[in-house]
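Reader: I would like to go through the labels attached to this model and see what each one rests on.

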Amino acid sequence: MGTGRTLLSLVKERKLKYIGHAERNTKTDLMKTIFEGKTEAKRGRGRPSLSYVDQVSKATGLKLQSISQKSQDRDIWRGIAKSSCAAANINPDDAAR
């Protein structure tokens, strides 16, 4: 049909861009809470859901420490976000339309 997975690539790119934004924010420790925080809840049935860190690690191919270091530089992190969408043969500019 010639259609791409534009919605999935758009979600992935925005998720990665948000990680960079929140990591560089010095006013709050939001990313520390997200990366290291555990929620107090009973274990549900079935397969455990993927954590936010697992999803970002899978999308970028980087480990947690590397994500924290590379997201401090905006230009490097934008390149990583764009390349992860390109790796899936998806053009993020087409997804935004």
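Author: What follows sets computed values against the cut-offs behind each label.

The model is predicted, so local features need pLDDT of at least 70, side-chain atom pairs count only at pLDDT 80 or more, and totals for chains, interfaces and linings use all residues. Residues are numbered from 1 along each chain as its sequence is written, and side-chain values use heavy atoms, with hydrogens and water left out.

Reader: What is the mean pLDDT of the protein, and where is confidence lowest and highest?

Author: pLDDT is the predictor's confidence in each residue, from 0 to 100. The mean for the protein is 76, and 75% of its residues reach 70 or more. Confidence is lowest in helix 6 (residues 92-95), with a mean of 50, and highest in helix 4 (residues 64-70), at 86.

Reader: What makes a stretch count as a helix, and how many helices are there?

Author: Helices (H or I, at least four residues) and strands (E, at least two) are DSSP runs, numbered from the N terminus. By that rule the protein has 6 helices and 0 strands.

Reader: Why is glutamate 13 called buried?

Author: Buried means under 20% relative accessible area, exposed over 50%, and partly exposed in between, with a 1.4 Å probe and protein chains only. Glutamate 13 has a relative accessible area of 5%, so the residue is buried. Lysine 17, at 40%, falls in between and therefore counts as partly exposed. Lysine 82 is also partly exposed, because its value is 35%.

Reader: How do you know that glutamate 13 and lysine 17 form a salt bridge?

Author: A salt bridge is a side-chain nitrogen of Lys or Arg within 4 Å of a carboxyl oxygen of Asp or Glu. The closest N and O atoms of glutamate 13 and lysine 17 are 3.4 Å apart, so the pair qualifies. The two residues are 4 apart in helix 1, which means that about one helical turn separates them.

Reader: What makes glutamate 13 and lysine 82 a salt bridge, and where do the two residues lie?

Author: Their N to O distance is 3.3 Å, so this pair also meets the cut-off. Glutamate 13 lies in helix 1 and lysine 82 in helix 5, 69 residues apart, and the pair links distant parts of the chain. Salt bridges that share partners join Glu13, Lys17 and Lys82 into one network. The search of the whole structure finds 2 salt bridges.

Reader: What makes a group of residues a nonpolar core, and which residues form the largest one?

Author: A nonpolar core is a set of buried Ala, Val, Leu, Ile, Met, Phe, Trp, Tyr and Cys residues joined through side-chain atoms within 4.5 Å. The largest has 10 residues: Leu16, Ile19, Ala22, Met31, Val56, Leu62, Ile67, Trp77, Ile80 and Ala81. Helix 1 (6-24) and helix 5 (74-87) are the elements that give two or more residues to this core. Isoleucine 67, in helix 4, has a relative accessible area of 0% and is therefore buried.

Reader: Why are the buried residues of helix 3 said to be on the same side?

Author: The buried residues of helix 3 (residues 52-60) are Val53, Val56, Ser57 and Thr60. They cover an arc of only 100° around the axis, which puts them on the same side of helix 3. The arc is that of the directions from the helix axis to the C-beta atoms. Glycine 61 follows helix 3 and has a positive phi, near 80°.
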